Amino acid sequence: MSSSPMNPLANSSPHAHNDQTVRKVMLQVQIAAMPALAMHIYLFGFGIVVQWLLAIATLLIVEYTMLKLRGRPIMPFITDLSGMITVTGLVFCIPPTAPWWVIVSGSAFALIFGKHLYGGLGYNPFNPAMLGYAFLLISFPIPMTQWIMSADISGHYLGFMEAIQLIITGTYAAASYDMLTGATPLDGVRLAISQGITTTDVLQTLPTQTHTLWLGLNAWAWINLSFLIGGIYLLWKRTIRWQFPIGFLGSLALMAWIFHSINPDIYPPVEFVLLSGGVMLAAFFIITDPVSASTTPNGRLIYAIGIGILVYVIRAWGAFPDGIAFAILLLNMAVPLIDQYTQPRVFGHK
């Protein structure tokens with residue numbers, strides 16, 4: 001039987017079509033990150049913009065070079081925006097006033113070792129942004145822990161030209177660099193607990209160190225809420241699957257509730273755990289990577305739950321205040337096994 005427009009049953013399957021493309025998906029993710037970017041600029045100044053521009057410049061050079069070496073066409077792969085999502089995710093993870101070579105080396109490592117050496121987009125077993133972030137944490141621990149304080153605490157708003165000067169030269173004419181940097185809430189809680197101060201006492205004094213803005217939330221909480229807004233947009237557009245944020249945030253919240261109930265003097269409450277560090281960034285923008293994450297419905301849930309548990313374990317008992325990168329990379333390695341044992345039954349199976 002020949003196929004024709006008048007005889008659709010004879011046409012070859014599949015008959016379901018999806019208008020999503022790599023470029024469209026990546027553009028939606030980039031748009032969803034805009035609320036967090038705007039909030040970051042408002043609270044911490046233009047350092048993140050300079051870092052992003054450096055990351056894009058590195059992206060163009062590395063992508064062009066690697067595609068040339070691999071004998072692949074340049075424009076189709078550069079313009080699919082996948083590399084831009086990688087460096088954008090990395091930019092949100094590093095201090096906005098880190099020296100220029102931090103973001104340049106991190107972006108280059110993420111793109112070369114996290115993407116191109118495995119064959120490019122679609123073949124990478126690890127999340128490139130988190131691979132670059134882990135590389136920076138291990139290689140440059142001091143620059144990666146010097147976070148700028150919000151402008152309402154430091155008393156200095158970092159303008160665009162000042163940010164360029166500070167990132168490129170390491171100097172800032174308006175104030176001492178030490179006056180601009182300070183401990184994040186995660187670092188502050190971790191340090192205080194190591195000195196024998198209870199979590200309750202730390203959280204009571206924390207507003208004087210990190211300042212509270214609207215609704216009594218500090219700057220880091222508002223950054224996380226901005227990522228949450230972008231994540232809801234991605235769920236509404238069906239760009240990401242619900243299993244990822246639900247599994248990750250649910251397991252992380254459950255772990256926080258259990259241990260805070262056991263010993264509130266050592267373990268912080270659920271709301272602090274969920275609104276500190278890069279939790280919402282990971283929940284909606286990082287672990288949802290369609291290449292390195294699990295692809296089956298049950299597998300996505302298991303994958304996300306595993307990351308949530310590991311993040312809490314590393315935060316509570318590990319060497320790093322925020323263990324998101326290492327948790328994601330460890331679960332990336334488990335994805336083939338998870339997918340193997342969570343394959344749904346073929347339609348029509350008896």
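Predicted model: local features only at pLDDT ≥ 70, side-chain atom pairs only at ≥ 80, totals over all residues.

Reply: The chain has 350 residues, and 49% of them count as buried. Its secondary structure comes to 18 helices and 2 strands.

Now the core. The largest nonpolar core holds 90 residues. Five of them touch the most other members: Met 130, Phe 248, Phe 285, Tyr 303 and Ile 307. Helix 18, residues 324-341, gives the most to this core, with 9 residues.

Next, a helix pair. Two packed helices are described by the angle between their axes and the distance between the axes. Helix 14 spans residues 243-262 and helix 17 spans residues 297-317. The two pack at an angle of about 35°. Their axes lie 7 Å apart. The crossing is right-handed. The contact of helix 14 with helix 17 is made up of 17 nonpolar residues, 4 polar and 1 charged. Phe 248, one of the core residues with the most contacts to other members, has a number inside the span of helix 14. Tyr 303 and Ile 307, also on that list, have numbers inside the span of helix 17.

Last, the charges. Side chains of opposite charge can pair when their charged atoms come close. The structure holds 2 salt bridges.

One joins Lys 115 to Glu 63, with the closest N and O atoms 3.1 Å apart. Lys 115 lies in the loop between helix 6 (100-114) and helix 7 (128-139), and Glu 63 lies in helix 3 (residues 47-70), so the pair ties together parts that are 52 residues apart in sequence. Lys 115 and Glu 63 are both buried.

The other joins Asp 322 and Arg 315, at 3.2 Å from N to O. Buried means under 20% relative accessible area. Asp 322 has 15% relative accessibility, so Asp 322 counts as buried. Arg 315 has a relative accessible area of 11%, so Arg 315 is buried too.

Notes: Residues numbered from 1 in each chain as written. Heavy atoms only, no water. Axes fitted to C-alpha atoms, helices over the stretch in contact; angles between N-to-C directions. Helix = DSSP H or I, 4+ residues; strand = E, 2+ residues; numbered from the N terminus. Left-handed = near helix turned anticlockwise from the far one by under 90°. Nonpolar A, V, L, I, M, F, W, Y, C, P; charged D, E, K, R; others polar. Core = buried A, V, L, I, M, F, W, Y, C linked by side-chain atoms within 4.5 Å. Buried < 20%, exposed > 50% of the residue type's maximum accessible area, 1.4 Å probe, protein only. Salt bridge = Lys/Arg side-chain N within 4 Å of Asp/Glu carboxyl O.
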